[in-house]
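Open the model in your viewer and keep the selection tool at hand.

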Amino acid sequence: MEQEITIGRIYKHYKGNLYRIIAIAKHSETLEEMIVYQSLKNNETWVRPKTMWNEVIDERNALRFTLQK
């Protein structure tokens with residue numbers, strides 16, 4: 001269940017917080033794609049491997065992050 005990852009869009013983490021994607025970057029050593037995103041709650045900036053972004057996190061096929069309309 002792969003969803004498009006778009007810079008500037010808002011995504012909801014399965015625990016409820018909202019985040020805006022601010023960049024898609026590459027790890028300097030492995031070249032793995034990373035998602036750079038910022039909390040709408042407190043403006044903290046985070047980075048996570050792209051492979052984890054669309055990860056299914058439970059038996060109901062819930063995604064770690066879902067795009068907000």
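Select Glu33: at 32% relative accessibility it counts as partly exposed, where buried means under 20% relative accessible area, exposed over 50%, and partly exposed in between (1.4 Å probe, protein chains only). This is a predicted model, in which local features need pLDDT of at least 70 and side-chain atom pairs count only at pLDDT 80 or more, while totals for chains, interfaces and linings use all residues. Residues are numbered from 1 along each chain as its sequence is written, and side-chain values use heavy atoms, with hydrogens and water left out.

Glu33 and Lys50 form a salt bridge, with 3.2 Å between the closest N and O atoms; the term stands for a side-chain nitrogen of Lys or Arg within 4 Å of a carboxyl oxygen of Asp or Glu. Glu33 lies in strand S3 and Lys50 in helix H1 (residues 50-53), so the pair ties together parts 17 residues apart in sequence. Helices (H or I, at least four residues) and strands (E, at least two) are DSSP runs, numbered from the N terminus. Lys50 is partly exposed, at 29%.

How many salt bridges does the structure hold? It holds three. Select Glu55 and Arg64 for another, at 2.4 Å, N to O; Glu55 is partly exposed at 29%, whereas Arg64 is buried at 13%. Then take Asp58 and Arg60, which meet at 2.8 Å, N to O. Asp58 is buried at 19%, and Arg60 is exposed at 67%.

Finish at Ser39, in strand S3 (residues 33-39). Ser39 is buried, at 4% relative accessibility.
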